[in-house]
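Reader: I would like a close look at a single part of this model, in plain terms.

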Amino acid sequence: MTQQERHSTIADMVKRQGYATIEQLAHHFNVTPQTIRRDLKVLADEQVIRRVHGGAGLLESSTVNTAYSARKLINHDAKARIARALAEQIPDQSSLFINIGTSTELIAEALLHHQGLEVITNNLNVAATLQHREDFNVIVAGGSVRSRDGGIIGEATVDFINQFKVDFGIIGISSIDEDGALLDFDYQEVRVAQAIISNSRQVYLAADHSKFARNAVVRLGHLTQIHALFTDQEPPAGICRLLSEHSITLNICP
């Protein structure tokens with residue numbers, strides 16, 4: 001197979017899967033990881049694919065989010081470290097919201113070692129993870145279920161969330177703009193996240209480093225509305241300045 005043919009096949013694989021790792025591509029083509037890294041650099045320079053940590057993903061869009069199956073793989077190890085660090089800050093016997101997202105689903109897994117939690121969620125995957133703990137009270141919001149990721153959204157969901165006031169709101173996000181704006185792709189999902197922020201005494205945001213370099217079209221809120229940010233790399237200088245000015249705790253989980 002020629003280099004041009006390999007590049008075409010890599011582009012097709014990323015388009016079909018949404019994400020491909022260097023290890024997977026090296027095995028598929030029976031070449032070294034170094035060869036794949038060079039291939040990905042060329043394809044990224046040509047704006048065919050997007051380089052991400054450990055592999056390649058689809059080019060970013062400000063209007064359409066990456067497929068859920070791909071997001072589960074992208075930066076998985078970093079998200080898992082963030083999840084463990086955030087879970088360590090949640091006391092036993094706490095009440096909390098957990099919203100939609102691959103990061104929040106990993107946080108739910110990390111919370112399995114806790115005792116006596118009350119969890120209200122609009123994420124069926126979070127509910128499925130936590131349901132087997134007999135000392136947890138897991139409450140699932142009503143609304144419309146999205147088939148692609150098990151998220152529950154809609155006006156009924158917002159109304160349901162507004163009935164509660166909890167200790168911690170745990171949210172994920174698609175993008176954090178340099179001016180501190182929290183951005184996402186789905187207006188209905190954003191409405192639910194806004195209700196979670198409004199009805200939480202403390203708001204913890206989980207966002208791996210890729211969220212500092214993305215664009216999304218719907219404004220969810222602002223960094224100044226959260227109490228702690230959990231990420232895996234130092235944020236851009238402007239965001240660090242905002243966090244410092246507003247006494248928002250920054251937790252870096254390398």
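In which sense do β4 and strand β5 pair, and over how many bridges?

Author: β4 and β5 (residues 118–121) pair in the parallel sense, over 4 bridges. Strands here are DSSP runs of E with at least two residues, and helices are runs of H or I with at least four, numbered from the N terminus. Two strands pair if DSSP finds at least two bridges between them. This is a predicted model, in which local features need pLDDT of at least 70 and side-chain atom pairs count only at pLDDT 80 or more, while totals for chains, interfaces and linings use all residues. Residues are numbered from 1 along each chain as its sequence is written, and side-chain values use heavy atoms, with hydrogens and water left out.

Within this pairing, Leu96 has Val119 of β5 as its bridge partner. Between the two strands the chain passes through helix α6 (residues 102–110), and the resulting β-α-β crossover is right-handed; that is, with the strands pointing away from the viewer, the path from the first strand over the helix to the second runs clockwise.

β4 also pairs with strand β9 (residues 166–172), again in the parallel sense, over 3 bridges. There, Phe97 stands opposite Gly169.

As for its faces, β4 (residues 95–98) is covered on both. Ser95 and Phe97 are buried on one side, and Leu96 and Ile98 are buried on the other. Buried means under 20% relative accessible area, exposed over 50%, and partly exposed in between, with a 1.4 Å probe and protein chains only.
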